[in-house]
Amino acid sequence: TYLLGAWGIESDYAMGTIIEGNTVQFLRKAMYPDYTSGITVFANINTVIRNNIIHSFFGSSGARVEGIVITGTSSYMGSGLQIYNNMIYDLNNSSSSGNAYICGIDSWYNNNTLITYNTVQISGTGANPLGTYALGVDVGSTNFTIRNNILVNAYNQTAGGSSFALWVAAGNTFTSDFNDLYINSTLPNSYIG
């Protein structure tokens with residue numbers, strides 16, 4: 001943990017990395033725009049993230065909370081990532097101000113990514129006045145496959161943004177098969193995807 005965030009594991013600009021069999025737990029951060037992430041990879045090629053348990057994260061006062069983050073930039077994109085058989089649960093963000101983004105698996109600036117056999121559960125209550133979403137899986141990547149995942153989003157979005165089990169940014173190509181998606185439809189602003 002340091003001033004700008006709390007990370008469990010991070011890998012940047014790596015090739016052929018395997019992140020396997022880890023337990024990342026009890027991370028917390030309380031300040032916007034800081035964030036908490038269990039596993040983060042940036043601009044990786046052919047990285048495998050499998051058989052990890054990520055749980056018991058807490059954010060407040062606008063901090064971001066994310067289980068697995070796979071990202072890059074338009075100049076440094078990741079490619080060929082496989083994210084499978086991970087369990088992500090008990091992610092909470094109880095902010096009543098600021099951004100309060102919460103996400104199980106977050107993927108941006110990656111090509112040819114496989115997300116399969118993962119279980120994601122997020123919960124808590126927050127106002128998110130800046131309109132940020134609460135997401136089981138958030139994908140802003142191209143040519144990806146999401147298959148056989150269990151995505152549960154019971155985050156109570158009281159104002160601003162919305163809660164989704166699966167969110168795919170416009171313009172991305174993807175295949176989605178055999179996923180079990182659940183949201184608490186009694187809560188306001190909750191959607192399957």
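**View 1. Contacts across the sequence in the predicted model.** Among contacts (heavy atoms within 4.5 Å) between residues at least 6 apart in sequence, 82% join residues at least 24 apart. The protein has zero helices and 21 strands. Both are DSSP runs, numbered from the N terminus: helices are H or I with at least four residues, strands E with at least two. Residues are numbered from 1 along each chain as its sequence is written. In this predicted model, local features need pLDDT of at least 70, side-chain atom pairs count only at pLDDT 80 or more, and totals for chains, interfaces and linings use all residues; side-chain values use heavy atoms, leaving out hydrogens and water.

**View 2. An open sheet of six strands.** The order is β2-β6-β10-β13-β16-β19, with parallel pairing; strands pair if DSSP finds at least two bridges between them. β2 (18–20) and β19 (174–177) stand at the edges, each with a single partner strand, so one side of each lacks a neighbour in the sheet.

**View 3. Strands β13 and β16.** Three bridges join β13 (residues 114–116) to β16 (residues 144–147). The two run parallel. Ile 115 stands opposite Ile 146 in β16.

**View 4. The largest nonpolar core.** Such a core is a set of buried Ala, Val, Leu, Ile, Met, Phe, Trp, Tyr and Cys residues joined through side-chain atoms within 4.5 Å. Buried means under 20% relative accessible area (1.4 Å probe, protein chains only). Of its 31 residues, Ile 49, Ile 68, Ile 83, Ile 105 and Val 137 touch the most other members. Not counting residues up to four places away in sequence, Val 137 touches Ile 105, Ile 115, Ile 146, Leu 151, Ala 165, Leu 166 and Trp 167.

Note on methods:
Buried means under 20% relative accessible area, exposed over 50%, partly exposed in between (1.4 Å probe, protein chains only).
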